[in-house]
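Visitor: I have just opened this entry and would welcome a short tour. Where shall we begin?

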Amino acid sequence: MLRFKIQEPGDLLCSSQINVNCKFTEGSLKRFLGYLKMEMTEMTSVSLKRGSAAIEDNDSVAPAEEAKRQKVSGCCPATGQDGLENSSLPSSEKVPGPPETAGQGKENSEVPSEEEEEEDGLSEEGEEEEEAESFADMMKHGLTELDVGITKFVSSHQGFSGILKERYSDFVVHEIGRDGRISHLSDLSVPVDEEDPSEDVFTVLTAEEKQRLEELQLFKNKETSVAIEVIEDTKEKRTIIHQAIKSLFPGLETKTEDREGKKYIVAYHAAGKKALANPRKHSWPKSRGSYCHFVLYKENKDTMDAINLLSKYLRVKPNIFSYMGTKDKRAITVQEIAVLKITAQRLAHLNKCLMNFKLGNFSYQKNPLKLGELQGNHFTVVLRNITGTDNQVEQAMNSLKEIGFINYYGMQRFGTTAVPTYQVGRAILQNSWTEVMDLILKPRSGAEKGYLVKCREEWAKTKDPAAALRKLPVKRCVEGQLLRGLSKYGMKNIVSAFGIIPRNNRLMYIHSYQSYVWNNMVSKRIDEYGLKPVPGDLVLKGATATFIEEDDVNNYSIHDVVMPLPGFDVIYPKHKISEAYREMLTADNLDIDNMRHKIRDYSLSGAYRKIIIRPQNVSWEVVAYDDPKIPLFNTDVDNLEGKPPPVFASEGKYRALKMDFSLPPSTYATMAIREVLKMDTSIKNQTQLNTTWLR
């Protein structure tokens, strides 16, 4: 039996999985039929002869899908979004994954309101179930690797099968920081600081008082102040209430007033809406660095969703957080985060409130983190129930270690439906704005949420952006933002309407097109010249690309060779592949000699990317096990809790391949696994194999 999981593509928009089984037991068949009745195939089981899996890319750079309803046991997040507009857009290019829970919180004090859930698009209410349709039928118009130029392998070993991500804990990512050290969550203690308020600040206010203060903070009512009576009138009690309000509600100041013989703490606005994004200065010790750095351990949630959730619980804007790279959803990930003027004590309190998150290794620093500063990521991946012999595994892993893999952009980059993201990018570069609008909004084949299907149908029928927008409970998706822009600027100003979408999301489309060109050109380069450098290839000297001359060929290896992503500030190889670039762009009605766009944001400068990546710190072992549910290695949280490492049987029903390797930024672990298994990672290919076999 072969089973694998497929990550839904989308540029760093990796999120959900499809669970594919090779044989049905009676129970699994019943579950399969049940899942098919769901509005979205959150987990689809079909039968398959042999297959592989897609996994997250190493460092995605665009935001991910709308957060699922967060189960809470503790702190109360903001109950609305007024004044806290989320700048990150989820993509409709993904299928939401199944909700998962992994434990219970500790102190259940408050729960998000229904209003919050509906505003965030987290409420499932009102979504009607659709007629069951097989996932294979939904994906028959999807992409294969061939469609996006992924055609070559570099190794000669025979491929084999295994179960990838049977559990999301089978895939763990640890960030490699600026100093080259791998980030681990190893310490939950809070730095001792005499200026920190006491723990009482988190419990001194009632739920009703927090609600009123939050509405005041977010300008959600007409009140100019909120008065809280001090029941136990002591200086210590008043001090704690003052501290609690200032700590939990940035932007509010407090004063003590006597009213009819009673003491009240009065909260009022100090600096208007800007205070939410700029925590007050006077309450932060001058001797302490302005940024609290911490290690974030998260399960089954991508970085942008995690930041948005933390910002709600802390009642601040997401833009006061910084990080070096985004991590995808369907995994356990460990990375460093920095936040402006939020105490370690306050951050550590979230450990009591949120499931599937842990914050630790706190320190105060002078500077934030910046995207791209990381050196890469270290992966621990388990392939369960492998079919390869020990010799096949040895050959595959030695090849990965010694030769590496083709540095393709993975299927996640291009979307899951019949409208690939690179097509939208091409239309933007062509300045074909009506086509951009149609590609994003028109009905499409593939797996999508029911409300998106209804929105697209309404758009096709009426071309009324307001009417189509009313079909969307989730307004912050790409489609929702574009429709809002069309309502605001009109159908004759699509450029401005499109501009309402956050910049990262807009650029995702044209980067997808660049990736599409690069994949195709690299396949042609390897097909034409093989795995050796040739005269006319490009290599980098510092940040500058230079040609390999005839006399210099022996001084380089294939691991030195780079290829350009098309743009106005790159050069192209001096051999047949240069003309191939020109032909491809000409066929797409683009001028390779003029990649500047009328709108500056969409002008492509280009870049260089190595064609072969050799992972570092590669190690592996084959282990035997009997229970498919047992974890096969310890996580950071397991180690913190003192759990003993798993004990393996000398012989068992199943064999698993446990791999460890490090990759540089912007490379796809998907493609490393593809090279080991020698299989197409596209959803379309796997599901079509399944339906053929089922007949």
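**A sheet and its surroundings**

Guide: We may begin with one pair of residues in this predicted model: Ser225 has Tyr268 in β7 as its bridge partner.

Visitor: How many bridges pair β5 and β7, and in which sense?

Guide: Strand β7 covers residues 262–269, and its pairing with β5 is antiparallel, over 5 bridges.

Visitor: What is the strand order of the open sheet?

Guide: The order is β5-β7-β6, an open sheet of 3 strands with antiparallel pairing. The edge strands, each pairing on one side only, are β5 (225–229) and β6 (252–259). From one strand to the next, the twist averages 25°.

Visitor: Which strands does helix α4 touch?

Guide: Helix α4, residues 207–217, packs on the sheet and touches β5, β6 and β7. The direction of α4 makes about 160° with that of β5.

Visitor: And what about helix α5, where does that lie?

Guide: Helix α5, made of residues 235–248, lies across β5, β6 and β7. Its course is at about 150° to β6.

Visitor: Let us step back. How many helices and strands does the chain have?

Guide: The chain has 19 helices and 20 strands. It comprises 695 residues, and 59% of them count as buried.

Visitor: What about the accessible surface of the chain?

Guide: That surface comes to about 29000 Å², with 47% belonging to carbon and sulfur atoms.

Visitor: And what share of contacts joins residues at least 24 apart?

Guide: The share is 81%, taken among contacts between residues at least 6 apart in sequence.

Visitor: Now a change of topic: Arg525. Where is it found?

Guide: Arg525 belongs to helix α15, which spans residues 503–529.

Visitor: Is Arg525 buried or exposed, and why?

Guide: Arg525 counts as buried because its relative accessibility is 0%, and buried means under 20%.

Visitor: Which residues is Arg525 in contact with, leaving aside neighbours within four places in sequence?

Guide: Its contacts include Gly530, Lys532, Pro533, Val534 and Asp537. Also among them are Ile558, Met563, His575, Ile577 and Ile611.

Visitor: And His511, where is its place?

Guide: His511 is in helix α15 as well. Its relative accessible area is 29%, so His511 is partly exposed, a term for values between the 20% and 50% cut-offs.

Visitor: How far apart are the C-alpha atoms of His511 and Pro566?

Guide: They are separated by 9.9 Å, although the two residues are 55 residues apart along the chain.

Terms used:
Residues numbered from 1 in each chain as written. Predicted model: local features only at pLDDT ≥ 70, side-chain atom pairs only at ≥ 80, totals over all residues. Heavy atoms only, no water. Helix = DSSP H or I, 4+ residues; strand = E, 2+ residues; numbered from the N terminus. Buried < 20%, exposed > 50% of the residue type's maximum accessible area, 1.4 Å probe, protein only. Contact = heavy atoms within 4.5 Å. Areas by Shrake-Rupley, 256 points an atom, 1.4 Å probe, with all protein chains shown as cover. Pairing = 2+ DSSP bridges. Axes fitted to C-alpha atoms, helices over the stretch in contact; angles between N-to-C directions.
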